[in-house]
Amino acid sequence: MNVRCSFQMAQALGSALYREWAERLFAIECCNNSEPLYFALSPSPEGPWDESSRLHQVLSRGESYSVCVASENRIEGAESYARLRAELSGLPPRCRVMELMAFSPGKPGSLIKGFLVQDDRHHEGTERVLQHLVRESGQTTLCSYTRDGAGRIWQRLRLLTDGQDREISRNCLSLAARPELHPSVLNIKNSVIFFQYEDAYCVLKECVETIPKAKEILQLADQYDRTPRKGLHPVIVIEGLDATGKSTLTEALRDSLQATLLKSPPDCISHLRKTFDAKPPLIRRAFYALGNYITGSIIARESEKSPVIVDRFWHSTAAYAIATEVSGKLENLPPHHHELYQWPQDLIRPDLVLLLTVDAEERVRRLEQRGEMRTREEIELEANSIFRQKVEATYRRMENPACVVVDASASKEVVFKNTLHVIKRHCGIEQT
Ligand SMILES: Nc1ncnc2c1ncn2[C@@H]1O[C@H](COP(=O)(O)OP(=O)(O)OP(=O)(O)O)[C@@H](O)[C@H]1O
Ligand SMILES: Nc1ccn([C@@H]2O[C@H](COP(=O)(O)O)[C@@H](O)[C@H]2O)c(=O)n1
């Protein structure tokens, strides 16, 4: 072993990541509507091993590898993960790529995300590609999975440095029980949902060198009041999936209530949306979060003069973030009353939030009728009805303020009339 290599190896072994590796639980997300496969590690076989289990079936086909991104720098880590996902999508079709999570149950922030790559054939090329990706990234761990004579599966954690490939640890897999909360919930706070102005601001500040436009939004944010107070006029937010009729309704309400119509993200940062929409979730969500605080400041000012209608606000940011981050089934969402469904203490609170709901077929009809360019997330939303259900279920779980649901499947006139009725009941204002 040369001196540099032994130093790197000692460093790796000393780092919390490798020291605590085998204490983690692992989850493989095989498909969108089934339970993840959970497993634990131990240096020697523990307890009975069920060869007929799905985990065994998945890992004993062809060759399996896992790659996980672990970086001390969250911006670099988020970008590496996005790059890794994109590069793995270029593997040959016989390779199956599944999401893998390594985590400590109940420990917030402990989730390390990665992928399980399975090649149906024993093909050296796949391993070479993965080794290359791991070496290039410098912050990705590589594990391979082997089967012993007794049919047990072992995970080999490898360190690739200076052209060397060394085994750091070898552990036997055992089936693990499903944790109380889906592992993806562990890292949501502060990595895709920000409950304080400073938390979102800091993420964008950390990106200034790599994303010069981050400076622009920070400078804009600096111009607004951070602790605004709402005026005496009511503030009403309209939420819902895309094409549920928010713009149509908000414009009609503006005219009939003599209200000011705002939206989040506000106009002053909308030219930056395209840039941030293409960034990893950590950065993209921080952009929308800061956008809400800027809108909050404008709401405060405008609500001194007239009623205010807002097209999307905090609930959109939180609902889309949770639904995207929590992989798999609807049941994986955090339970009702979870802290992720609460309103941030330092964000101006509306008097009423209306959630427009439309059945899936009608919503697709409206989308087609509009025939506009759509964001990647919107295309995914359409293709993936589980995702759509998760967004809506998350909206419905929001608290303080909770959403008042308005069925928006009827004609524009009827939806408008029903909404005015709800507004009158909650805020006491009427059509002028
Ligand atoms: N109640 C309704 N009945 C039938 N069509 C409607 C109704 N409300 C809106 N539409 C039509 O559905 C399409 C989408 O409406 P709109 O743009 O208001 O939705 P949106 O929720 O603001 O969408 P997005 O969030 O994607 O901007 C438009 O073509 C609009 O004319
Ligand atoms: N306050 C907000 C507003 C929007 N988003 C994100 O944008 C997408 C929907 O915006 P549309 O303009 O297409 O209606 C949606 O994918 C959200 O992720 C947000 O996070 N917060």
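Around ligand 2, the shell residues divide into three nonpolar, five polar and three charged, where Ala, Val, Leu, Ile, Met, Phe, Trp, Tyr, Cys and Pro count as nonpolar, Asp, Glu, Lys and Arg as charged, and the others, Gly among them, as polar. This is a predicted model, in which local features need pLDDT of at least 70 and side-chain atom pairs count only at pLDDT 80 or more, while totals for chains, interfaces and linings use all residues. Residues are numbered from 1 along each chain as its sequence is written, and chains are lettered from A and ligands numbered from 1 in the order in which they are written.

A residue belongs to a shell if its C-beta atom, placed from the backbone, lies within 6 Å of the molecule.

| Ligand | Residues around the ligand | Closest residues |
|---|---|---|
| ligand 2 | eleven residues | S264, Y288, S316, T317 and Y320 |
| ligand 1 | 15 residues | D242, G245, K246, S247 and R366 |

Two or more residues of the shell around ligand 2 come from each of α11 (281–302) and α12 (314–325), helices being DSSP runs of H or I with at least four residues, numbered from the N terminus. The shell around ligand 1 draws at least two residues from each of α8 (246–257), α13 (360–370) and α16 (412–427).

Helix α11 also packs with α7 (residues 213–222), at an angle of about 20° and with the axes 10 Å apart, the axes being lines fitted to C-alpha atoms over the stretch in contact and the angles running from 0 to 180 degrees between N-to-C directions. Therefore α7 is roughly parallel to α11, a term for angles under 35 degrees.

Terms used. Parallel < 35°, antiparallel > 145°, perpendicular 65-115°, else oblique.
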